[in-house]
Structure formats: structure tokens, C-alpha cells
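Here is a walk through one protein model, written for someone meeting it for the first time. Have the sequence and the 3D view open as you read.

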Amino acid sequence: MYRTHYCGDLISGDIGKNVVVSGWVHSRRDHGGVIFIDMRDIKGLLQVVFNPDKPIFKTAEDLRSEYVVKVEGIVRRRPEGTENPKLPTGEVELLADKLEILNDSQPLPFSLSAYTDVSEDVRLKYRYLDLRRTSIRENFLFRDNLLTITRNFFHKHGFVEIETPFLTKSTPEGARDFLVPSRLTPGAFYALPQSPQLFKQILMVAGFDRYYQIVRCFRDEDLRADRQPEFTQLDLEMSFVEEEDVINIIEKLLAEIFEKLLGKNLKTPFNRMAYSDAMLKYGSDKPDTRFGLEIVDLTADLKGTKFKVFADAIAKKGCIRAICVKKGAEFSRSEIDALIGKSIEFGAKGLAWIKLFSGGFESNIVKFFSAEELGKIKAKLNASDGDLILFVADSSKIAPVALGQLRLFLGEKLNLIEEGYKFLWVVDFPLLERDDLENRWTSIHHPFTSPKEDIMSISLDKETLSGIRARAYDIVLNGIELGGGSIRINKTDVQKKIFELLNIPDEESRIKFGFLLDALNFGAPPHGGIALGVDRLIAILRGETSIREVIAFPKTQRGICPLTGAPSSVTDKQLKEIYIKTM
């Protein structure tokens, strides 16, 4: 018998019991001839005491960090004054009678202390050691609890968990597919799914009514802190629903997760914001509303300005946007220059500024504005003495985004961001956006999103198409997009019309999406759904800045697995079997 109890489960109620525990030596201390070890298993730490009058003492002297041991002994109360209130087991210790070393360990490449600074490449190379660290282990116990709550929730609400294929057809959804060559069909390829989008719609046609899946998805895209080539998504779809039904079920799920895991009561319904307002006030379709510093549009107020930079932007049908930094007049010129550099980094051509002092304005651009214009700027931004106004004049695509990024930078720099969790639904997205480089329209979300308007008889002019709204909704938490969804198209003629607007020829749409188009011909019900990023949600709730901290075996930003060495070369024989030659 390796254990009667887990180390982390022993409490004062177990005093006097003879127990057997197994685990790792977390640390070892020698105090005046008595040896103490902290012994660790998945449930936590337990202090074990080896007295010199026991035959096992000599063996205990050989113990080192991360040895695997089995210990038998009596649970007793710790001497008064030696309790450790930070540990659940802090009132007790195990007086060892028997000790068996089950395996030894080489010296570790890094300390397992949470305070040890180790490069990510080293941590991921020895991920099995990194996962032993308490903070990392807790991430995965938390993840398990969250997924258990999620599955129980959906079972309770009548959803059916159904798995969809990993080897499927290439239907690009905005990122590159990972392709898998078929040995049995020379020259043909499977694709790993970027999402189960088409399959879950087909499940609605099949009559399953409420589907969900905690599913792995794959995208061959450039990586960053919140991206991985393979990631986990909570995917769901519902029949005979409208937007409110999907939004309501997600709010209930998140409320249950927060209550059971964090002991917090979420206020529902969550706030909602139109896409146009999000872009205007925050320069982002995933606005962080934990702080103000809202963006203001000054284009109409300055349409007659003599300041050439602003006038040129307006003449080119661009815009002028600004933010007011309270007490920002204290910024030095070098600090303002740094902000100008940041704005250029974020895509703007530059950054103009005005300081307010004693009712007056200070800047090298003040002379270009009339008193009336300066009054409008001050009033619209609710500026007062000691404030700093920052302007970006550029195209209607660049100016909001650049100033939105600058807003986030300042929010962090000036400690404006409130603690806590702030959810937001962004709604009323445009259905389409213009890709000027490719001279065509593209979907904001995906081509299966249902439009709010009847599009069967609309004109195809640019102004009309840009005004079509989608029955789509994104959920945002603390400025991070947790997920998005929509009511789907369930009629073949509407789906074909969308493909027409996207300049996808009939032949191409049949090749890519023929199986879905066929399914829509056989009584497809109204349906809609959403997908949430599981890794992102867990990272936020655990206070991690990277989703790699909540994925057991993640890739680096170069897409490499330091543990296994993937991706790696394969033999010529393997390539020949799948009819591939390398360059």
C-alpha cells in the first residue's frame, strides 16, 4: 500500500492516526539532529519529522529534493508556536516510523520555488518539473474544476456533448489551416479544424437542438501571449433561438463559474455596447471599460480648422480623435515625445498635444486654432487646468485604433485600471467590411452569420453594404475578447447571396461549403451559438498574462515544443508513403 491518505488532506481531526503517505521531498531541513521534510503530493504539503532515535534516521539523512518516498507514521499536533497557518496541514505533522525511498532524483535544472525566475524555454523543456510547482499545479486543478462545472451546467440545461472530427476538409476561416496529407488518397489533404463551425450547424439540421463541446481547435498563425497553434474552445449551438437566448445561457454559465470557483456574484445582465460606440469611444471592438479616458470625435468641430495636419485628414475623409489625460500637463516634453513614438508604433502618423494651464492653452499648435475652436475642444473633452489633450488625425480606420492602443498604454502607465472583472457584450457589428487591397468585401465574423436586414433585394453599392448589420455578439472581459457568436443563416438562398456579396463564385462555394449548402436544403431550423476561449478565460481568472501558463504542454512563440522538439524532420520513407517531397 502506497498511501492511506494524501499529504495535503491530513488535518487536526487525523491526530493519533497511523497513516501511509507517498510523494516527493519538497524541501529538507536539519534542526539540531532532527530532520524535517516537507512532503508534497497533488493535494499539498505535509511536514514529516524524523527523530535520531529511529532506525530510519540514517536513510532520512540521504533524502534530497524531489526524491520519491513513502512514509508511515503517527499524525500528531505540531508543538505550540510552530504551526503554519498558511498551510491546510499547518496544525499537524507526521512522526515517521518507516521510510522507503521509491526513487531518487538528479539535481534539478532549476528550483521549483514560485519565486525562482527561470526562462520560459527552460521551463517548457522540463515542463514535467515546472508542472510540479505549486502555482502552476493550481492552474490545472482550477482548470479541471472549471471544466467540471461547465459540463455539469450544460447537462443540467439540456445540452448534448457531441465530438466533431479533427480530420476534416479545408475551409479557411481567416487563418491558415494545418494540413494533413492522406496516405490513402495520394495528393489529397485533410485539415485540422479551426473551429467546429460547419459541423455544429449540421448538428442543428440533424435535430440535436442543444449541442456543446469542449474542443481542441487549430490555427496556423503568428503566435503571441494569448495565441497558440492548438487551443481549447467551449463551443455551443442552439436551435429555435434568438440572440437573447444565447446571451442568457452564457451569462448564467459565467455566473455559476464565478460563484463556485471565486465566490463572487456576477451582476447580470452584463452591459452591452454597439460596435460603433466601442470603436468611437475606445478605438477597439473589445474595449476595456475598467477605466475612462474615452476617445472623443472632434472631426465636425474642427472642419474649418487652419491647422494643416487636421485639415488634410478631414479633406481625405479621415477623422480627428482625442483623449483628455487628467493631470497630464505634468508630463515632461520627453514623456510626451515617448507618447508620440508610441502613437507611431500603433500605426498613426504622429500625435498632437495641448496642455491646459490657468485657463490657457500651451502647445506649438495652439496658434493655428481660433478661440472658438479651442473652446469646443475644451468643452467636448471636459478638460480643465492641469490636463493634457492628445490628438490623432488620420483615416477613419487608423485614428481610432491608434488612439485606442495609446489609451490602453496610458491606462496601465498611470494605474487607471480598476481591480476586478468587467464583462461587456459588443453587439450590432457590421456584417461586412471592405478590403481595399483585394478590392472586395469580407465577413467581420464569418460568412455564415445572419444579417439583421433582408439582403435579398438590396443594392450592391458601397454605402448600403457597409450599413448592413450582423446578428452577432462578442463577449469581452477586461478588454479581452473571450468569445463570439451569432445567429446563423439557415436558408440556402440567403447563404448564396452572402457568398455573392463576398465575391465567392458558385463553383468555389460548392467546393468549400457544398455539404453545408446541401444540409440547409433539408429543413434547417433557425439556430445560433457562440464559442468561448477556455484558455483565455482561465488565464484571466488565475491572473496569468499568458495562456501558456494554463496549457499543460504549450508551444513557444516560435511554435516549438521545447519538451519534445516538435516540429521535427521525418524520414524519407515516411514522406514517400504520403507522396510528399521536400525542397
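Glu161 has Tyr212 in β9 as its bridge partner. That bridge belongs to the link between β6 and strand β9 (residues 210–218), a parallel pairing with 2 bridges. Two strands count as paired if DSSP finds at least two bridges between them. Strands are DSSP runs (E, at least two residues) and helices are runs too (H or I, at least four), numbered from the N terminus. Strands of a sheet pair through backbone hydrogen bonds, either parallel or antiparallel.

A word on the source: this is a predicted model, in which local features need pLDDT of at least 70 and side-chain atom pairs count only at pLDDT 80 or more, while totals for chains, interfaces and linings use all residues. Residues are numbered from 1 along each chain as its sequence is written, and side-chain values use heavy atoms, with hydrogens and water left out.

**The eight-stranded sheet**

β6 and β9 sit in an open sheet of 8 strands, in the order β6-β9-β10-β22-β21-β20-β17-β11, with mixed pairing. Its edge strands, each pairing on one side only, are β6 (160–161) and β11. Further along the sheet, strand β20 (residues 472–477) runs antiparallel to strand β21 (residues 480–487), joined by 6 bridges, and Ala472 stands opposite Ser486 in β21. β20 and β21 make a hairpin with 2 residues between the strands, where Asn478 takes a positive phi near 55°. β21 also pairs in the antiparallel sense with strand β22 (residues 527–533), over 5 bridges; there, Gly484 has Ala531 as its bridge partner.

Helix α5 (residues 197–205) covers β9, β10 (230–239) and β22, running at about 25° to β10. Helix α7 (residues 275–282) lies across β11 and β17, at about 85° to β11. Contact here means heavy atoms within 4.5 Å. Axes are lines fitted to C-alpha atoms, for helices over the stretch in contact, and angles run from 0 to 180 degrees between N-to-C directions.

**The five-stranded sheet**

Another open sheet has 5 strands in the order β12-β13-β16-β14-β15, with antiparallel pairing. Its edges are β12 (296–297) and β15 (360–362), each pairing on one side only. Helix α11 (residues 398–413) packs on this sheet and touches β13 (319–325) and β16, with its direction at about 10° to that of β13. Within the sheet, strand β14 (residues 352–357) and strand β16 (residues 388–394) pair over 4 bridges in the antiparallel sense, and Ala352 stands opposite Phe391 in β16.

β1 and β2 form a hairpin with 2 residues between them, and Gly32 in the turn has a positive phi of about 55°.

**Helices packed on helices**

Two packed helices are described by the angle between their axes and the distance between the axes. Here are two such pairs:

| Helix pair | Angle | Axis distance |
|---|---|---|
| α13 (residues 492–501) and α14 (residues 506–520) | about 160° | 10 Å |
| α4 (residues 134–156) and α15 (residues 534–541) | about 120° | 11 Å |

α13 and α14 are therefore roughly antiparallel to each other, while α4 is oblique to α15. The cut-offs: under 35 degrees is roughly parallel, over 145 roughly antiparallel, 65 to 115 roughly perpendicular, and the rest oblique.

Which residues of α13 and α14 meet? Thr492, Gln495 and Phe499 in α13 meet Ser509, Phe513, Leu517 and Leu520 in α14. The residues of this contact divide into 4 nonpolar, 3 polar and no charged. Ala, Val, Leu, Ile, Met, Phe, Trp, Tyr, Cys and Pro count as nonpolar, Asp, Glu, Lys and Arg as charged, and the others, Gly among them, as polar.

In the other pair, Asn139, Phe142, Arg143, Leu146 and Leu147 in α4 meet Val534, Asp535, Leu537, Ile538 and Leu541 in α15. That contact divides into 7 nonpolar, 1 polar and 2 charged residues.
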